[in-house]
Amino acid sequence: MYVCLCKAVTDKDIHRAVSQGACSMRCLRQLNGVGSQCGRCVGHAKEVLGEALSTQ
Ligand code: FES
């Protein structure tokens, strides 16, 4: 499912980024641009990030 439509980033992309070492929204933004355009996805992206980190 898409989390960030502007950058076409899915929840799987976020889980993959976390498995590669991303641990913050800043890292996600640098890696795949999540939240770097309109910003509407930030809340959901944070939820998915938290979920991904808790399953590490
Ligand atoms: Fe993520 Fe617009 S939906 S920056």
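Predicted model: local features only at pLDDT ≥ 70, side-chain atom pairs only at ≥ 80, totals over all residues.

Let's begin in the middle. The largest nonpolar core has 15 residues, and those with the most contacts inside it are Ile 14, Met 25, Leu 28, Val 34 and Ala 45. Who brings what? The largest share, four residues, comes from α3. As background, nonpolar side chains in soluble globular proteins tend to be buried together.

Setting aside residues up to four places away in sequence, Leu 28 touches Ile 14, Ala 17, Ala 22, Gly 33, Val 34 and Leu 49.

| Helix pair | Axis distance | Angle |
|---|---|---|
| α1 and α3 | within 9 Å | roughly 45° |
| α1 and α2 | 11 Å | about 110° |

How does α1 lie relative to α3: oblique, or roughly parallel? Their axes cross at roughly 45°, which makes α1 oblique to α3. The crossing of this pair is right-handed. On the α1 side, the contact is made by Asp 11, Ile 14, His 15 and Val 18. From α3 come Ala 45, Val 48, Leu 49, Glu 51, Ala 52 and Leu 53. Sorted by class, the contact of α1 with α3 has seven nonpolar, one polar and two charged residues.

The other pair packs at an angle of about 110°, so α1 and α2 are roughly perpendicular to each other. Here Asp 13, Ile 14 and Ala 17 in α1 meet Leu 28, Leu 31 and Asn 32 in α2. That contact divides into four nonpolar residues, one polar and one charged. Ile 14, then, turns up in the contact with α3 and again in the contact with α2.

Arg 16 lies in helix α1 and is partly exposed, with a relative accessible area of 43%. Arg 16 and Ala 52 are 36 residues apart in sequence, and their C-alpha atoms are 8.8 Å apart in space.

Thr 10 sits in strand β2 (residues 9–10). Is Thr 10 buried or exposed? Its relative accessible area is 17%, and buried means under 20%, so Thr 10 counts as buried. Beyond its neighbours within four places in sequence, Thr 10 is in contact with Met 1, Tyr 2 and Val 3.

Notes:
Residues numbered from 1 in each chain as written. Heavy atoms only, no water. Core = buried A, V, L, I, M, F, W, Y, C linked by side-chain atoms within 4.5 Å. Buried < 20%, exposed > 50% of the residue type's maximum accessible area, 1.4 Å probe, protein only. Helix = DSSP H or I, 4+ residues; strand = E, 2+ residues; numbered from the N terminus. Contact = heavy atoms within 4.5 Å. Axes fitted to C-alpha atoms, helices over the stretch in contact; angles between N-to-C directions. Parallel < 35°, antiparallel > 145°, perpendicular 65-115°, else oblique. Left-handed = near helix turned anticlockwise from the far one by under 90°. Nonpolar A, V, L, I, M, F, W, Y, C, P; charged D, E, K, R; others polar.
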